Amino acid sequence: MKNITCNTIIPLLILLAVSVTACEGAKLATANEQMERGEYFDASKTYRKVYNRLTKREDRPLRGEIAFRMGECYSRLGMNARASAAYANALRYQYPDSTTTLRLALSQQAEGKYQAALKSFEDYLAISPSDRIARNGAAGCRMAIAAKGNPTRYVVKNNKVFNSRRADFAPMYFDSSLDQLYFTTTNEKVTGDRRSEITGMKKSDIWFSRKNERGEWLRPEPLEGELNTDMDEGIISFSPDGSTMYLTRARRSPSSDTGVEIYTSTRSDAKWSAAVKFDITADTLSDYGHPAVSPDGKWLYFTSNMPGGQGGRDLWRINLRERAGSLENLGEFINTPGDEMFPYMRTDSILYFASDGHPGFGGLDIFKATLTPSGGWRVENIGQPVNSAADDFGITFGNGESGFFSSNRGDARGYDHIYSFELPDLRITISGYVIDKDEEPVSNAVIRIVGNDGSNRKEIARNDGSFQFPLQRGVRYVMLAGAKGYLNARQEFQADDAEEDAEYSVDFILASVSKPVVIDNIFYDFDKATLRPESKAALDEMAQVMRDNPNITIEMAAHTDRKGSDDYNIRLSRRRAQSVIDYLISAGIQPDRLQAQGYGKSRPKTITKKLAREFPQFTEGTQLTADFIETLEPADQEIADQINRRTEFQVLSTDYPIY
């Protein structure tokens with residue numbers, strides 16, 4: 001349906017073969033005239049009748065020529081499967097125009113037959129290696145093949161409330177309230193009874209839908225006022241204040257080619273006035289359509305085939321405040337030898353448009369162009385599933401990454417329909433528990449999380465010690481947990497920058513300030529105070545505890561098992577405690593915050609709840625004295641001795657001065 005406003009004027013074709021009968025010649029001349037005027041629907045029917053009557057062997061060259069023209073008609077009607085079949089017939093009958101292979105490649109691509117299309121593009125590039133449309137088409141096929149099974153996160157749905165049994169397309173929000181959506185429709189209730197010679201449908205009108213109090217879209221209705229006529233109207237944009245509508249209207253005359261022009265209409269008391277032509281240049285032969293007003297109201301963007309462009313239809317703009325001398329082509333970053341259409345300015349530096357000239361998935365694709373500091377544009381295909389093998393165009397944005405667009409995907413007739421799209425928020429979270437050294441929950445702990453994106457949040461742990469924070473992808477975070485009667489604990493991590501949901505997990509184990517805390521994984525050489533290399537991770541973690549709690553002083557205590565004399569064990573444990581102190585000092589901890597103490601075997605360990613879970617042969621609260629251990633089996637004696645051999649720290653004060 002988009003071709004009402006973006007038809008390509010076909011040049012006068014060569015004279016027909018003299019072997020055609022007078023009757024067939026008259027009908028073929030009619031078809032040619034219809035096609036030249038852009039009446040593709042009528043032309044395709046007339047060509048088909050002539051084609052079916054050409055059954056003799058000597059008619060084969062003419063059948064090839066007519067097949068090519070039928071392919072052109074079907075292509076412009078969005079009937080891509082029929083177009084591919086017609087172009088294939090043209091090649092079968094050895095139609096001499098080399099672009100037939102290119103046209104076949106483009107229609108195959110629009111069907112989503114990427115492997116076949118790629119071969120056709122490559123066949124054409126073998127004879128025209130510099131053709132930009134073919135190069136971009138081949139690149140688009142490779143992109144589509146590579147992207148198979150890996151779409152973007154956009155969710156696309158057919159919005160049935162707006163769609164009729166005919167074509168509905170080019171949606172546009174009325175204003176920032178986002179409670180009215182205007183669009184172009186060819187439904188059976190539009191103004192006028194005549195059907196379009198271009199599409200075979202009724203000529204398009206502009207309709208709209210509004211939301212009810214529950215935020216639901218209501219059944220569409222025609223605009224009030226004099227705007228809609230028995231001509232084709234559609235593809236609109238509004239001035240920032242909503243008082244002026246810019247629209248496209250088709251000019252139609254039996255004696256001239258079909259073309260399009262830009263008109264304006266003004267709004268008063270919810271009614272729209274009769275449209276008035278908006279003159280851009282004195283050139284009356286070129287087409288001007290698809291108006292789009294910039295958010296600041298300064299520029300009108302549009303599409304045109306006027307001279308001075310890159311080929312096909314280009315995007316242009318004109319200053320609405322100083323029109324004289326302000327007309328400019330958007331340049332080669334945006335425009336290609338193909339068609340660029342349906343501009344939409346989301347911001348004053350972000351442009352969306354449809355193109356079949358940039359590498360895409362087939363037909364028209366929607367592209368995002370961002371203005372660069374140097375004045376150029378960075379153009380990117382917005383990907384599947386918004387784009388498809390079919391024609392995708394006419395996008396408008398609502399809140400965030402959501403809105404509506406048009407597509408003729410899945411419709412063999414080539415009819416366009418309105419689709420919604422939405423990019424769901426990524427669900428990236430980090431959750432965990434705050435527990436003590438005995439693995440019991442610490443309720444009411446305070447957890448802070450600070451990101452290098454400037455975010456800074458706080459949460460209170462629940463009664464079971466759990467917490468959860470939402471995250472942003474690619475951000476580096478620092479987390480700190482603390483509670484009354486406990487030391488602070490710190491964690492650092494970076495969220496993945498992949499565009500997918502993710503859930504991270506981290507637990508904080510808080511040390512009590514009122515009782516000794518065992519430091520796990522501190523190892524010494526046998527019968528010596530020398531720290532073994534595998535102790536480094538635990539020692540570094542202890543140094544970080546001291547940095548995270550700069551106001552504390554501690555006693556570092558070492559304990560031995562029951563073996564050996566009291567005097568020997570006291571000296572050995574003191575040397576071991578001092579080894580830990582020396583390591584912490586070397587790590588930058590102030591010496592006057594640290595005190596070494598060796599207890600030997602004088603303080604046997606009492607079994608905690610955590611130890612009882614780990615070693616169920618010992619009851620919680622049992623003290624591992626020498627007398628108790630001697631009652632155990634040899635294997636359990638060794639375990640008990642191992643538990644008693646420990647290094648632990650005890651907070652002495654929490655008022656160390658911080659400078």
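Tutor: Let us begin with a term: a residue counts as buried when its relative accessible area is under 20%. Keep in mind throughout that this is a predicted model.

Student: Which residues of helix α8 are buried, and what do they pack against?

Tutor: In α8, the buried residues are A538, L539, M542, A543, M546 and D548, and their packing partners are β27 (489-494), β31 (553-559), α9 (566-586), β32 (594-600) and β33 (646-653). Helix α8 itself covers residues 536-548, and its 13 residues reach 18 Å from the first C-alpha to the last, close to the 18 Å expected at 1.5 Å a residue.

Student: Why is W272 counted as buried?

Tutor: The relative accessibility of W272 is 2%, and the cut-off for buried is under 20%, so W272 counts as buried.

Student: Why is α5 called roughly antiparallel to α6?

Tutor: The axes of α5 (residues 99-111) and α6 (residues 114-125) come within 8 Å and cross at roughly 160°. Angles over 145 degrees count as roughly antiparallel, and therefore α5 is roughly antiparallel to α6. Their crossing is left-handed.

Student: Which residues make the contact between α5 and α6?

Tutor: From α5 come T99, T101, L102, L104, A105, L106, Q108 and Q109, and from α6 come Y114, A116, A117, S120, F121, D123 and Y124. Sorted by class, this contact has 9 nonpolar, 5 polar and 1 charged residues.

Notes:
Residues are numbered from 1 along each chain as its sequence is written. This is a predicted model: local features need pLDDT of at least 70, side-chain atom pairs count only at pLDDT 80 or more; totals for chains, interfaces and linings use all residues. Side-chain values use heavy atoms; hydrogens and water are left out. Axes are lines fitted to C-alpha atoms, for helices over the stretch in contact, and angles run from 0 to 180 degrees between N-to-C directions. Helices (H or I, at least four residues) and strands (E, at least two) are DSSP runs, numbered from the N terminus. Angles under 35 degrees count as roughly parallel, over 145 as roughly antiparallel, 65 to 115 as roughly perpendicular and the rest as oblique. A crossing is left-handed if the near helix is turned anticlockwise from the far one by less than a right angle, and right-handed if clockwise. Contact means heavy atoms within 4.5 Å. Ala, Val, Leu, Ile, Met, Phe, Trp, Tyr, Cys and Pro count as nonpolar, Asp, Glu, Lys and Arg as charged, and the others, Gly among them, as polar. The expected span of a helix is 1.5 Å times one less than its number of residues. Buried means under 20% relative accessible area, exposed over 50%, partly exposed in between (1.4 Å probe, protein chains only).
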